[in-house]
Structures are given as structure tokens and as C-alpha cells.
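Here are my notes on the model, as numbered points you can check against the viewer.

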Amino acid sequence: MRSRFTAYAMHNANYLLETWDATVRPELIDFSKEKVDWQRLEIGNTKKGGAKDVKGVVEFKAYYLQDGEDYVMTEISQFIKRTNGWFYFDGLVKSIGKVGLQTNLGKNAPCSCGSGKKFKRCCGVG
């Protein structure tokens, strides 16, 4: 997760594509319209993702500057382990907005870990 955040901050599309699961990977990433300056990453809850697991879930907050204002995005990302490492599979943006004024986007949405439960009853507990 930390390496992918760094890749976003540095606009390293090649690394992002290489660490995206091939079954859902986009053809390209275009940073030409990117207007944010990624500042820092905070890892929150994690679920699975150990040596014996094949799936893992990471909740994180990514802080960024846009037009001189501080913003934060909270996302729940799902990773899949393949024979050659861990790969990003998908993510659910939980909230986004100016620091202190985020809009909640996914509390009642299905949890991205695949449990079939609502996010607030699964990975959102904590």
C-alpha cells in the first residue's frame, strides 16, 4: 500500500500498473490532468494479508493538497496474493473532502472484502 501511494505521488504509472491485478488492471493511467499534491498516508485497519492468506484488506487515509486546500480520502483497498506477490484488486472510497469536512460515501455499501456484509458491520468496525 505504501509503495503504491508513493507511486501515485510520483506519477509512476508503470509501477501502479505492474502492482495492479491483471484481471482488473486498466490499460493505462493518465496523470496529465492530476491537480493534487499527495502529502501523506495513514494506514488504519487491516484484515488478513498475512503470509498464509490469499487476500488482504487495507483501510487508509491519503492526505493531499488541491488548490491550496487540505483534503483527505479514506479508502478500503482489497489486495490479492499471486505467486509473484501482492496485487491491488479494487477499492471502495469511504469518504473524501476537505480535512474535517469529508463526505461519507460507503458506510452502508457492501464491504469490499467480499464478506457479503455491509461495510459498517465488517471492515468498518473499529
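1. The criterion here is NZ of Lys or CZ of Arg within 6 Å of the ring centre and within 35 degrees of the ring normal. Arg 4 does this too, lying over the face of Trp 20 at 5.1 Å from the ring centre.

2. A word on provenance. This is a predicted model, where local features need pLDDT of at least 70 and side-chain atom pairs count only at pLDDT 80 or more, while totals for chains, interfaces and linings use all residues. Residues are numbered from 1 along each chain as its sequence is written, and side-chain values use heavy atoms, with hydrogens and water left out.

3. For orientation, the chain has two helices and five strands, and from the N terminus the order reads α-α-β-β-β-β-β. Helices (H or I, at least four residues) and strands (E, at least two) are DSSP runs, numbered from the N terminus. Of the 126 residues in the chain, 36% are buried; buried means under 20% relative accessible area, exposed over 50%, and partly exposed in between, with a 1.4 Å probe and protein chains only.

4. Back to Arg 40, which also has a salt-bridge partner: Glu 42, with the closest N and O atoms 2.5 Å apart. A salt bridge is a side-chain nitrogen of Lys or Arg within 4 Å of a carboxyl oxygen of Asp or Glu. Arg 40 is partly exposed at 41% relative accessible area, and Glu 42 is partly exposed as well, at 32%.

5. How many salt bridges does the structure hold? The count is three. In one of them, Asp 21 meets Arg 82 at 2.8 Å, N to O; Asp 21 sits in the loop between H2 and E1 and Arg 82 in strand E3, 61 residues apart, so this pair links distant parts of the chain. Asp 21 is buried, with a relative accessible area of 2%, whereas Arg 82 counts as partly exposed at 36%.

6. Another salt bridge joins the side chains of Lys 94 and Glu 59 at 2.9 Å, N to O. Lys 94 belongs to strand E4 (residues 85–98) and Glu 59 to strand E2, so the pair ties together parts 35 residues apart in sequence. Glu 59 counts as buried, at 11% relative accessibility.

7. On to the rings: there are six aromatic pairs. Rings of Phe, Tyr and Trp (its six-membered ring) pair if their centres lie within 6.5 Å; planes under 30 degrees apart are called stacked, over 60 edge-to-face, and the rest tilted. Tyr 8 and Phe 31 have ring centres 6.0 Å apart and planes at 85°, so they are edge-to-face. Tyr 8 is in helix H1 and Phe 31 in the loop between helix H2 (13–18) and strand E1 (37–48), 23 residues apart. Phe 31 counts as buried at 12% relative accessibility, and Tyr 8 as partly exposed at 28%.

8. Phe 79 and Tyr 88 also make an edge-to-face pair, because their centres are 5.8 Å apart with planes at 75°. Both residues are buried. Separately, Phe 5, Trp 38, Tyr 64 and Tyr 71 form one aromatic cluster.

9. Helix H1 (2–9), strand E2 (55–66) and strand E3 (69–82) each supply at least two lining residues.

10. Last, two backbone spots to look at. His 11, in the loop between H1 and H2, has a positive phi of about 55° although it is not a glycine. Lys 48 in strand E1 has phi near 60°, also positive, and is exposed, with a relative accessible area of 63%. For context, most residues other than glycine have a negative phi.
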